[in-house]
Amino acid sequence: MRRMLAVAAAQLGPIGREEPKTAVVERLLALMREAAARGCGLVVFPELALTTFFPRWYFTEEAELDRFFETAMPGEETLPLFETAAELGIGFYLGYAELVIEEGRKRRFNSSILVGPDGRILGKYRKVHLPGHAEHEPWRPFQHLEKRYFEPGDLGFPVWRAMGGTLGMAICNDRRWPEMYRVLALQGAEMLLLGYNTPLHYPPVPQHDHLQAFHSHLCMQAGAYQNGMWVVAVAKAGREEGCDLLGQSCIIAPTGEIVAMAGTLEDELILHDCDFERTREIKEHIFNFALHRRPETYGLITAMPGAGQEASGRS
């Protein structure tokens, strides 16, 4: 018996630094309505979907930084997303910058939420693998200050049973780390929802610029195949405030095959009917964890963060 979920990957084109969040929400609503009209039960938006990718700037005024963050979800500006989702009966994934006050201090996270088709939040994820750097580096053509503006996520990699399957979330650089997929898969994840903002130019290693799309797809296709899960990966794309962002949002089958991919650098919707039962082709045969894994030999994976490496960033 098939367990189907029609999924829409809602790529966004550039968002200007001064573009109002209300205007961005209208763009998201247009994509959500299109997804619902085309029969989808879930729409996936990018990382930091409500604003420009602000870590590319070095801010010295805290108030200037805070305006990019959400202190409540939903808030006044984002409430229409939840109301419309409930009206249309469609779930969504949304990446955003989260600001919370705990024990009298500000904490900032690069976060995402999973919202059910009734408009209620089912779960939250906070980005674990923060790329970039923490101090101003004037030699760069643009900054990547995620290590300055965010704390590493403290919620782990949970899964949620919703919309007919078992869903997990991740954000951008998380997709490059195989441990993320495996931790989700060990909890039975059948689909990974992931948003990203990836520059085409990587200042520390510019000789890899021409490989950005290849590397992006390589790690996600391998993660999908080696863990028997669908991957829905959604970009913020195009030339945003002088920085060229990779598009090529895609939906990847548990076999590792790309079954849908965006063809523009603008707001664009791509769709696929995902059958959760297809994950069994991998989970019960090729990568049957119970039958073939040998975790007693993998101790170094969690015992050591790295060997002979200096700390460096990646987007």
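## A charge over a ring

Arg-108 lies over the face of Phe-69, at 5.3 Å from the ring centre. A second example is Arg-293, whose charged end sits over the ring of Phe-289, 5.7 Å from its centre. A charge is taken to sit over a ring if NZ of Lys or CZ of Arg is within 6 Å of the ring centre and within 35 degrees of the ring normal.

Please keep in mind that this is a predicted model, where local features need pLDDT of at least 70, side-chain atom pairs count only at pLDDT 80 or more, and totals for chains, interfaces and linings use all residues. Residues are numbered from 1 along each chain as its sequence is written, and side-chain values use heavy atoms, with hydrogens and water left out.

## Aromatic pairs

Phe-69 also belongs to a cluster, in which ring pairs link Phe-54, Phe-59, Phe-68, Phe-69, Tyr-149 and Phe-150. In total, the structure holds 11 aromatic pairs. Rings of Phe, Tyr and Trp (its six-membered ring) pair if their centres lie within 6.5 Å; planes under 30 degrees apart count as stacked, over 60 as edge-to-face and the rest as tilted.

Phe-54 and Phe-68 are stacked, because their ring centres are 4.8 Å apart and their planes are at 15 degrees. This pair links distant parts of the chain, 14 residues apart: Phe-54 is in the loop between strand E2 (42-44) and helix H2 (62-66), and Phe-68 is in the loop between H2 and helix H3 (79-88). Helices (H or I, at least four residues) and strands (E, at least two) are DSSP runs, numbered from the N terminus. Phe-54 counts as buried at 0% relative accessibility, and Phe-68 does so at 4%. Here buried means under 20% relative accessible area, exposed over 50%, and partly exposed in between (1.4 Å probe, protein chains only).

Phe-82 and Phe-92 make an edge-to-face pair, at 5.3 Å centre to centre and 75 degrees between the planes. Phe-82 lies in helix H3 and Phe-92 in strand E3 (residues 91-102), so the pair ties together parts that are 10 residues apart in sequence. Phe-82 is buried at 4% relative accessibility, and Phe-92 is buried at 0%.

Now to the strands. Two strands pair if DSSP finds at least two bridges between them.

E8 (residues 191-196) and E9 (residues 230-235) pair in the parallel sense over 6 bridges; Leu-194 has Ala-233 in E9 as its bridge partner.

Is strand E7 (residues 165-171) enclosed or open? With 7 of its 7 residues buried, E7 is largely enclosed by the rest of the structure. Both faces are covered, with Gly-165, Leu-167, Met-169 and Ile-171 on one side and Thr-166, Gly-168 and Ala-170 on the other.

E7 pairs with E6 in the antiparallel sense over 4 bridges, and Ala-162 stands opposite Gly-165 in E7. The hairpin of these two strands has 2 residues between them, and Met-163 takes a positive phi near 55 degrees there. E7 runs parallel to E8, joined by 5 bridges, and Met-169 has Leu-193 in E8 as its bridge partner.
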